[in-house]
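Grab a pencil and work through these exercises with the structure open beside you. Try each task before you read its solution.

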Amino acid sequence: MQRYLGTPNLAWDFLTLADPERWDAYFAAADQPRADGADFWVDGRRYGVFAHDFRQVPMGALLERITERALAQETTPSPSTIKPALLVLSQKEFDDSTRQALRDLRRPDLLARNPLLRTRLVHDRAGEEEPSGATLATLLAAAVETLREHPRDDKLRLAVERTYVHPAATQERAAAALGLPFSTYRRHLTQGVNRVVAWLWDQEVYGKHH
């Protein structure tokens, strides 16, 4: 636990133990269950790999679970005491969800259904509140604002803003409003969206203080 608390942006913890069946109940109670299909043999002895994904159950939630179980003196808490696990998306799923969220930026009802709402990134942004479509919209706006950090990226930011933040009726009109040929506008938009997605993915994987 001391190592957990002293390691910033920890994503995974793995532990390998011999005779893993002896440890199944103990580490299941500690939210570090044995990984399916990861057992291996060395010199005729069986070893198991126990793993915890901090992107799914962050440090604070893990401490709450362990404390609740210790106070209750039970290894399996009732479902009502457990907060829903966070959703861990693959990079492709995260990418697709982010691009859909940008398209739905002016539709809070659609944002509220986006898988990003169950990620660590959005829960961190929400703090003690329940994540909502508004939480996700605020996060997306912050990601677009990061394009202001470098003056050369202004053209990318303007393309993204005119398409999603303050959208024109069509992309052709967005290009015209920016005074750009459509092909140039599309190039700027593609680059800008890629930068927004990459920034958000970095925050999801490494934490908001990375």
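This is a predicted model: local features need pLDDT of at least 70, side-chain atom pairs count only at pLDDT 80 or more; totals for chains, interfaces and linings use all residues.

**Exercise 1. Work out what share of the contacts in the protein with a separation of 6 or more comes from residues 24 or more positions apart.**

Step 1: Settle what counts. A contact means heavy atoms within 4.5 Å.
Step 2: Take the contacts with a separation of 6 or more; residues 24 or more positions apart account for 57% of them.

Residues are numbered from 1 along each chain as its sequence is written, and side-chain values use heavy atoms, with hydrogens and water left out.

**Exercise 2. Describe the overall dimensions of the protein.**

Step 1: Look along the principal axes: the C-alpha trace spans about 70 × 40 × 30 Å.
Step 2: Check the radius of gyration, taken over C-alpha atoms. The protein has 22 Å, while a compact globule of 210 residues would have a value near 17 Å. That globule rule is 2.2 Å times the number of residues to the power 0.38.

**Exercise 3. List the secondary structure and sort out which strands pair.**

Step 1: Read the order from the N terminus: α-β-α-β-β-α-α-α-α-α-α-α-α.
Step 2: Find the pairs, remembering that two strands pair if DSSP finds at least two bridges between them. Strand β1 (residues 12–18) runs antiparallel to β3 (residues 45–53) over 7 bridges, and L15 stands opposite F50 in β3.
Step 3: Now take β2 (residues 40–42), which pairs with β3 in the antiparallel sense over 3 bridges. Here W41 has R46 in β3 as its bridge partner.
Step 4: Inspect the hairpin of β2 and β3. There are 2 residues between the strands, and D43 takes a positive phi near 50°.

**Exercise 4. Is V42 buried, partly exposed or exposed?**

Step 1: Locate V42: you'll find this residue in strand β2.
Step 2: Recall the cut-offs for relative accessible area: buried is under 20%, exposed is over 50%, and partly exposed is in between (1.4 Å probe, protein chains only).
Step 3: V42 has a relative accessible area of 37%, so V42 is partly exposed.
Step 4: For the whole protein, buried residues make up 37% of the 210 residues.

Terms used: Helices (H or I, at least four residues) and strands (E, at least two) are DSSP runs, numbered from the N terminus.
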